Amino acid sequence: MSLLFTPRKIGNVELQNRFVNSATYEGMAKETGAVGDELIKRYEKLAKGGVSLIISGHMFVHSSGKANKYQIGIHSDEMIPGLKRLAETVHRNGGKIAFQLAHGGRQTTKDLIGQTPLGPSAKGRDPVYFIKPREMTEDDIIEVILSFGEAAKRAAAAGADVIQLHAAHGFLINEFLSPFFNHRTNSWGGSEENRFRFLKEVLRKVKTMVPEGFPILIKMSTNDYTPKQGITPSLAARYAGWLAKLGIDGLELSCGTMNYSYMNVCRGDVPLNELLKSLAWWKKPMGRIMIGNLAGKYDLEEGYNLEAAKMIKPVLGNTPLFLVGGMRTVSHMEEVLENGHTDFISMSRPFIREPFLVKKIKEGKMDKVSCVSCNKCMAAVVNDIPIYCYSTGFPK
Ligand SMILES: Cc1cc2nc3c(=O)[nH]c(=O)nc-3n(C[C@H](O)[C@H](O)[C@H](O)COP(=O)(O)O)c2cc1C
């Protein structure tokens, strides 16, 4: 039997196969952050489709960390009934669900959160959000760490099977980890150990707020692709080793930041017209040039985080690795599993197009996903519309 359909445990939870739905912001929550019917339908389909673990879109743990208009919230107890409904829907249909806990850091807007976005350092404006963040005080840092803990408690209370901490893509935890974003010289910066401290403290707090053995995963970038050096694969390998020692239950490897290198997060086509729609009229001429310049430079390479994963896998010991980014053909997925480069195959865009993908692969009906990486789903995020496969015109 193909390794793809063999079970594997993470913490005390057994996953029925090696397919994972990587966290995908849905654009389907209410503006308050509450779960509604459209989200329930999406998760119902995914669970029916046979993926072993559905990692939710990033959920904001604190009102200062909301990154998208229709993002799910886990920042207050009022969110729990909707989150419970989400977990129950997945369980009823035979699946398991991880809640991805996140703080947007500087990758948000004043309009969305009603204050200047926060970051480890007040480093200059970026080309996407045009934000100069406010440097977090010691009190801000403690408050956010506590809010991750409270969110973890809510996740367990709502019935999530797993928690994933979002430490990738330029959001707050990634910002602390990265020498490009973190210029602090006190105990939260200045050295690799100090830049790692925020994630370490979040992890410690989260562990105290969930039952013993509750699986905790981390999603981390292996390369920030920032104009000056941020996280590199070798730094990511050091962080990975420290995380394994701290007893995490799995590490998912991704890359890129939303503010400096979003086309590295999601390689493939550059959906120029769709991305331009999100810009104010006076930004469109410059946007057309800047976004247009990206076209053709980010062609999707199968498994584009594989080389970094090969560097990181040996330091992880028995801690499972989740590989995401451009996993598209079944033979390649089998090969990387058999060669021991990864333990799980994570995908995002392919499941937007085909929630029933795993079932079809199991039945031998497909050897390659249909997603063409047009990235119109990614453009939907910045246009504040729900994410569907707009390439197929779905849904009507
Ligand atoms: C529409 C969309 C929303 C995403 N939202 C998230 C998110 O909430 N959290 C996260 O960690 N990654 C998010 N990602 C990144 C994916 O999880 C994944 O890392 C990336 O798309 C590469 O995988 P793929 O080639 O299988 O799509 C998102 C990607 C897309 C296309």
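**Close-up views of a predicted model**

**View 1. Asn383 sits in the segment after α15 (376–382).** Helices (H or I, at least four residues) and strands (E, at least two) are DSSP runs, numbered from the N terminus. This is a predicted model: local features need pLDDT of at least 70, side-chain atom pairs count only at pLDDT 80 or more, and totals for chains, interfaces and linings use all residues. Residues are numbered from 1 along each chain as its sequence is written. Asn383 has 13 C-beta neighbours inside 10 Å and so counts as partly exposed. (Buried means 20 or more other C-beta atoms within 10 Å of the residue's own, exposed means 12 or fewer, and partly exposed is in between; C-beta atoms are placed from the backbone.) Not counting residues up to four places away in sequence, Asn383 touches Glu274, Lys277 and Ser278. Contact means C-beta atoms, placed from the backbone, within 7 Å. From Asn383 to Leu279 is 8.9 Å, C-alpha to C-alpha, across 104 residues of sequence.

**View 2. Helix α1 (residues 37–48) packs with helix α2 (residues 80–92).** The angle is about 25 degrees and the axes are 8 Å apart. Axes are lines fitted to C-alpha atoms, for helices over the stretch in contact; angles run from 0 to 180 degrees between N-to-C directions. α1 and α2 are therefore roughly parallel to each other (under 35 degrees; over 145 is roughly antiparallel, 65 to 115 roughly perpendicular, the rest oblique). Leu39, Ile40, Tyr43, Glu44 and Ala47 of α1 meet Arg85, Leu86, Thr89 and Val90 of α2. This α1–α2 contact has 6 nonpolar, 1 polar and 2 charged residues. (Nonpolar: Ala, Val, Leu, Ile, Met, Phe, Trp, Tyr, Cys and Pro; charged: Asp, Glu, Lys and Arg; polar: the others, Gly among them.)

**View 3. Helix α7 (residues 233–245) crosses helix α11 (residues 306–316) at roughly 25 degrees.** Their axes come within 9 Å. α7 and α11 are thus roughly parallel to each other. On the α7 side, the contact uses Pro233, Ala236, Ala237, Ala240, Gly241 and Ala244; on the α11 side, Ala308, Met311, Ile312, Val315 and Leu316. Of these residues, 10 are nonpolar, 1 is polar and none is charged.

**View 4. The largest nonpolar core has 107 residues.** Such a core is a set of buried Ala, Val, Leu, Ile, Met, Phe, Trp, Tyr and Cys residues joined through C-beta atoms within 7 Å. Ile74, Leu101, Ile163, Leu165 and Ile173 have the most contacts inside it. Helix α4 (residues 138–158) gives the largest share of this core, 7 residues. Beyond its neighbours within four places in sequence, Leu101 contacts residues including Met59, Val61, Phe148 and His166.

Conventions
Contact = placed C-beta atoms within 7 Å.
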